[in-house]
Amino acid sequence: MGGRGPSQTGIRVDAARNRNRLLEAALELVAARGADALTMDDLASRARVGKGTVFRRFGSRAGLMQALLDHAERGFQTAYLLGPPPLGPGAPARDRLHAFGLARLAALKVTGELARAADVDPGTRYQHPSRSLARRHLAGLLRLAGPVPDPELAAYQLTAFLDAGLLLHLHGEEGMSLLRLEKGWQELVDAVTRHGSP
């Protein structure tokens, strides 16, 4: 009964590899031209596949944007949960809080654009798994940096500062430099944790 055709596992591995190839090509396009300029036609051309393949993988442009954001978020999650300090474990909590926001700001051009483009439903934006994980992570660091009176609420306040739409507005429309935004983030973290140890 022996295995003449490709195994289901092999098919799944190929499908996952092809999906990752499409996502990497899409990230390159977003980095070069911004999320608003990304089209399914451009992605198909860049990845050298048919447009139908792109639609079968992601369903729609909104589906592609969400998949791209999830793909980028997984890399960031690995960095802050398992990567080297100060973003990852091994540094003091306040240093890790500083590093979290600085890493977000450093990736603003790509992940900020994706977050803004994928954020189509204001009713569910705060329930997205990547946002929930980031808030829980920040709340945990705030407890360690403490005493912070309400770490959960403070985590919402910190993530509000890092909202992609706000940061893109401040950097683009208001002309605030990344250096100014980085300083603002560090000052906010220090203010929220001011009763704790440095």
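Contact here means heavy atoms within 4.5 Å.

1. **What you are looking at.** This is a predicted model, in which local features need pLDDT of at least 70 and side-chain atom pairs count only at pLDDT 80 or more, while totals for chains, interfaces and linings use all residues. Residues are numbered from 1 along each chain as its sequence is written, and side-chain values use heavy atoms, with hydrogens and water left out.

2. **The overall picture.** The protein has ten helices and zero strands, where helices (H or I, at least four residues) and strands (E, at least two) are DSSP runs, numbered from the N terminus. Along the sequence, the pattern therefore reads α-α-α-α-α-α-α-α-α-α. Of the contacts with a separation of 6 or more, 64% are between residues 24 or more positions apart. Of the 198 residues, 40% are buried; buried means under 20% relative accessible area, exposed over 50%, and partly exposed in between (1.4 Å probe, protein chains only).

3. **Helix 7 with helix 8.** Axes are lines fitted to C-alpha atoms, for helices over the stretch in contact, and angles run from 0 to 180 degrees between N-to-C directions. Angles under 35 degrees count as roughly parallel, over 145 as roughly antiparallel, 65 to 115 as roughly perpendicular and the rest as oblique. The crossing is right-handed: a crossing is left-handed if the near helix is turned anticlockwise from the far one by less than a right angle, and right-handed if clockwise.

4. **Who meets whom there.** From helix 7 come R135, L138, A139, L142 and R143, which meet P151, E152, A154, A155, Y156, L158 and T159 of helix 8. These contact residues divide into eight nonpolar, one polar and three charged. Ala, Val, Leu, Ile, Met, Phe, Trp, Tyr, Cys and Pro count as nonpolar, Asp, Glu, Lys and Arg as charged, and the others, Gly among them, as polar.

5. **Helix 7 with helix 4.** Helix 4 (residues 61–82) packs against helix 7 at about 15 degrees, with the axes 11 Å apart. This makes helix 4 roughly parallel to helix 7, and their crossing is left-handed. Helix 4 contributes E73, Q77, Y80 and L81 to the contact, and helix 7 contributes S130, L133, A134 and H137.

6. Leaving aside residues up to four places away in sequence, S132 touches Y126 and Q127.

7. **One face of helix 9.** In helix 9 (residues 164–173), the buried residues are A164, L167, L168 and L170. Viewed down the helix axis, they fall within an arc of 165 degrees, so they line one face of helix 9; the arc is that of the directions from the helix axis to the C-beta atoms. These buried residues pack against helix 5 (93–106), helix 6 (108–118), helix 8 and helix 10 (178–192).

8. **R116, in helix 6.** R116 sits in helix 6 and is partly exposed, at 30% relative accessible area. Not counting residues up to four places away in sequence, R116 touches D36, A164 and L168. R116 and D36 are 80 residues apart along the chain, and their C-alpha atoms are separated by 9.7 Å.
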